[in-house]
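Welcome, and please take a moment to look over the structure below.

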2 protein chains.
Amino acid sequence: MPVLEQDRIIESLQAATSEVFSTMLPISIETTKSYVEKSSAEPVDGVVALVGFTGPWVGTGSISCSATLACRLCAVLLMTEAEAVNDEVLDAVGEVANMIIGNYKTHIESYVGDLGLSIPTVIYGKNFTARSLNTSEWVAIEFNCEGEPLHIKVCMTPNPDSKASARPTGINSAAVVA
Amino acid sequence: MPVLEQDRIIESLQAATSEVFSTMLPISIETTKSYVEKSSAEPVDGVVALVGFTGPWVGTGSISCSATLACRLCAVLLMTEAEAVNDEVLDAVGEVANMIIGNYKTHIESYVGDLGLSIPTVIYGKNFTARSLNTSEWVAIEFNCEGEPLHIKVCMTPNPDSKASARPTGINSAAVVA
């Protein structure tokens, strides 16, 4: 099973995000920092879109931002102005996640093999917790998007049995190496 | 592309849930009702675990319950008492989702072909919204689990292009028929 270096994940996420913004989202965006985050259940505010990976590697990709930026992404992508987060805003953020994480998947498949991508789920609230099972570490990039932070993250771990109908607990994600 | 009848989804969800509870979770559980829910962004309270399907059909499976029942599931599954929702409780609910939706996947694969299953994401909060992109309808069962409601739901739609890296918007899920 190949290892997946953090640098390769960051490079692929960066490229995937730049490509989607330059072709689909005419908004200024610049990278603030890349970082590694331990899996935790810290409460967050705002909008989070999650997409699952399946196949030889399993995991999750996410994008998260403030309600303000979510409304702005909706205005640019769907040409629909929204003053507050509504169904269309959630769908717009889900579609941005679909494009960016889908593009990241294409980049990373040459290293890890063909992957499946689930339908995005988008969460909105104040002071909620979102936790992925069996993941210890997220590789993340923070972008500055017209003054608002946009966080794009992935956690991936080799699938111990891609034919199993359910994965056992305690998957070790240490195969993502620095 | 085969259709997937609501009755078959309900039957498979029912069987999958019964099997997991009877073998892994010594708690009394009984079916209250089955129903179909339109996709909406109604805010909810409590714990929700989501698992994605990939392959010839794409979609999401979810289980949702109160914080009280989440703590009880943790006590029974992990032998860990918790007075409030913590990381272990979230992991326990994620693992229950993994087992039930994984088991459902095995039941349904004989009709729709081999599917991939993503890692569960578990959300906890008050007054948050969780919305899946491109889904119009959830098929659901409500169970009564020691006096607390437990909702188990799936939405599935044929994958218009299982080789595509990202799915287009506006997938019609009307292929799930009554």
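## Salt bridges across the chain

A search over all chains of the whole structure turns up 14 salt bridges. Please keep in mind that this is a predicted model. Side chains of opposite charge can pair when their charged atoms come close.

Let's begin with Glu37(B) and Lys153(B), whose side chains meet in a salt bridge at 2.8 Å, N to O. Glu37(B) belongs to strand E2 (residues 29-38) of chain B and Lys153(B) to strand E8 (residues 148-158) of chain B, so this pair ties together parts that are 116 residues apart in sequence. Glu37(B) is partly exposed, at a relative accessible area of 27%, whereas Lys153(B) is buried, at 14%.

Another salt bridge joins Glu146(B) to Arg72(B), with the closest N and O atoms 2.7 Å apart. Here Glu146(B) sits in the loop between strand E7 (137-145) and E8 of chain B, and Arg72(B) sits in helix H2 (residues 67-78) of chain B, so the pair ties together parts that are 74 residues apart in sequence. Glu146(B) counts as partly exposed at 40% relative accessibility, and Arg72(B) is partly exposed with a relative accessible area of 33%.

Where do Lys105(B) and Glu109(B) lie? Both are in helix H3 (residues 87-112) of chain B, 4 residues apart, which is about one turn of the helix. An α-helix has 3.6 residues a turn, so residues three or four places apart point the same way. The side chains of Lys105(B) and Glu109(B) meet in a salt bridge at 2.6 Å, N to O, and both residues are buried.

Salt bridges with shared partners also join Asp87(A), Asp91(A) and Arg131(B) into one network.

## Helix H2 of chain A

Helix H2 (residues 67-78) of chain A has 12 residues, which at 1.5 Å a residue should span 16 Å; the end C-alpha atoms are 16 Å apart, in agreement. Its buried residues include Leu69(A), Cys71(A), Leu73(A) and Val76(A). Among the elements covering the buried residues of H2(A) are helix H1 (6-24), strand E3 (44-54) and helix H3 (87-112) of chain A. Just after H2(A), Met79(A) takes a positive phi of about 55°.

## Chain A as a whole

Chain A contains 3 helices and 9 strands, and along the sequence these follow the pattern β-α-β-β-β-α-α-β-β-β-β-β. Of its 178 residues, 56% count as buried. Among contacts in chain A between residues at least 6 apart in sequence, 74% join residues at least 24 apart. The chain exposes about 7,100 Å², with carbon and sulfur atoms supplying 49% of that area.

## Aromatic rings

How many aromatic pairs does the structure hold over all chains? There are 2. The rings of Phe53(A) and Tyr104(A) have centres 5.9 Å apart and planes at 55°, so this pair is tilted. Phe53(A) lies in strand E3 of chain A and Tyr104(A) in helix H3 of chain A, so the pair ties together parts 51 residues apart in sequence. Both Phe53(A) and Tyr104(A) are buried.

In chain B, the ring centres of Phe53(B) and Tyr104(B) are 5.9 Å apart with planes at 55°, so that pair is tilted. Phe53(B) is in strand E3 (residues 44-54) of chain B and Tyr104(B) in helix H3 of chain B, 51 residues apart. At 0% relative accessibility, Phe53(B) counts as buried, and Tyr104(B) counts as buried at 0%.

The charged end of Arg8(B) lies over the ring of Tyr111(B), 3.7 Å from its centre, and that of Lys33(B) over the ring of Tyr35(B), 5.3 Å from its centre.

Notes:
Residues are numbered from 1 along each chain as its sequence is written. Chains are lettered from A and ligands numbered from 1 in the order in which they are written. This is a predicted model: local features need pLDDT of at least 70, side-chain atom pairs count only at pLDDT 80 or more; totals for chains, interfaces and linings use all residues. Side-chain values use heavy atoms; hydrogens and water are left out. A salt bridge is a side-chain nitrogen of Lys or Arg within 4 Å of a carboxyl oxygen of Asp or Glu. Helices (H or I, at least four residues) and strands (E, at least two) are DSSP runs, numbered from the N terminus. Buried means under 20% relative accessible area, exposed over 50%, partly exposed in between (1.4 Å probe, protein chains only). The expected span of a helix is 1.5 Å times one less than its number of residues. Contact means heavy atoms within 4.5 Å. Accessible areas come from the Shrake-Rupley method with a 1.4 Å probe; for residues, only the protein chains shown count as cover. Rings of Phe, Tyr and Trp (its six-membered ring) pair if their centres lie within 6.5 Å; planes under 30 degrees apart count as stacked, over 60 as edge-to-face and the rest as tilted. A charge sits over a ring if NZ of Lys or CZ of Arg is within 6 Å of the ring centre and within 35 degrees of the ring normal.
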